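Thanks for coming. Please look at the model on the screen while I go through it.

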Amino acid sequence: MITMAKFTDFPPEIRNSIYDLLIILDEPIPIASPRKKHVWKKQEHSNLVSLLRVNKQINQEAKTLFYARSTFIVGNGSWGSTSQANVQALKEFIRRVPKDCIALIHKIELGICLVPSYIRPSRVRKEDISQLEAVSRALTKHFQGLESVSAAMVNISTFRDTESREWLRYPIHGNVGVLAKPIRKILTLPALKQLYFKYESSPDIKTLVEAILEGKEEAKDKVKMVKQDGTVVPLLTVTR
């Protein structure tokens, strides 16, 4: 008589490979406001939700792998946006997701969002800084397991229903240095190994990195500027 092996009888490495195929997405997951309250995007998360309902062991294994291996996007996008990572959504994420799961998150993409202007370059507004500070506080308080943060400066639309999220491309109107303070706090995360910036995301990225590294010689090993092809831009070209 042939007996069928239970899924939990498989070695852990095989179970993890199956979890990988079922629940790890190819693209980063934006922490944006849901279209309906307390509802996740069904297509993206249906496999995870189903696994969590099987039993306690599979729930724990799937949950651990999902948060540890997924990359999440946070940012100071439009408040309440369903497409842009924003502070409101991040607060709700922290409220709903168990602390032990948040502590498992290792990789984050940070969108440093500025509103575009058609009559002058993108500008730094007080509300942009305020919300970026809120994101920074949330990361340093709750995401203690973060090892890698990838940052890019992006344009956002003031129209709530717009899906647009693109790199700045143009110089910034205002003091780029004021963006550095909240980002510099991220360097205090205990597990952080690298904070790298997408070099092409703004002509002012060098100025921003210079401001972040000012007086932070010990952070040079963590902070990098990386081009789209993976080439690392030497920090010697930006540090004083």
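Among contacts in the protein chain between residues at least 6 apart in sequence, what percentage join residues at least 24 apart? The figure is 75%, where contact means heavy atoms within 4.5 Å.

This is a predicted model, in which local features need pLDDT of at least 70, side-chain atom pairs count only at pLDDT 80 or more, and totals for chains, interfaces and linings use all residues. Residues are numbered from 1 along each chain as its sequence is written, and side-chain values use heavy atoms, with hydrogens and water left out.

The protein chain has eight helices and 10 strands; these are DSSP runs, numbered from the N terminus, with helices being H or I of at least four residues and strands E of at least two. Of its 240 residues, 43% are buried. Buried means under 20% relative accessible area, exposed over 50%, and partly exposed in between, with a 1.4 Å probe and protein chains only.

Now helix 4, residues 87-96. Its buried residues are Val 87, Ala 89, Leu 90, Phe 93 and Ile 94. Seen down the helix axis, they fall within an arc of 160 degrees, so they line one face of helix 4; the arc is that of the directions from the axis to the C-beta atoms. These buried residues pack against helix 3, strand 2, helix 5 and helix 6. Lys 91 and Arg 95, on the other side of helix 4, are exposed.

Last, Pro 234. Pro 234 sits in the segment after strand 10. Its relative accessibility is 48%, so Pro 234 counts as partly exposed. Lys 224 is 10 residues from Pro 234 in sequence and 7.7 Å away in space, C-alpha to C-alpha.
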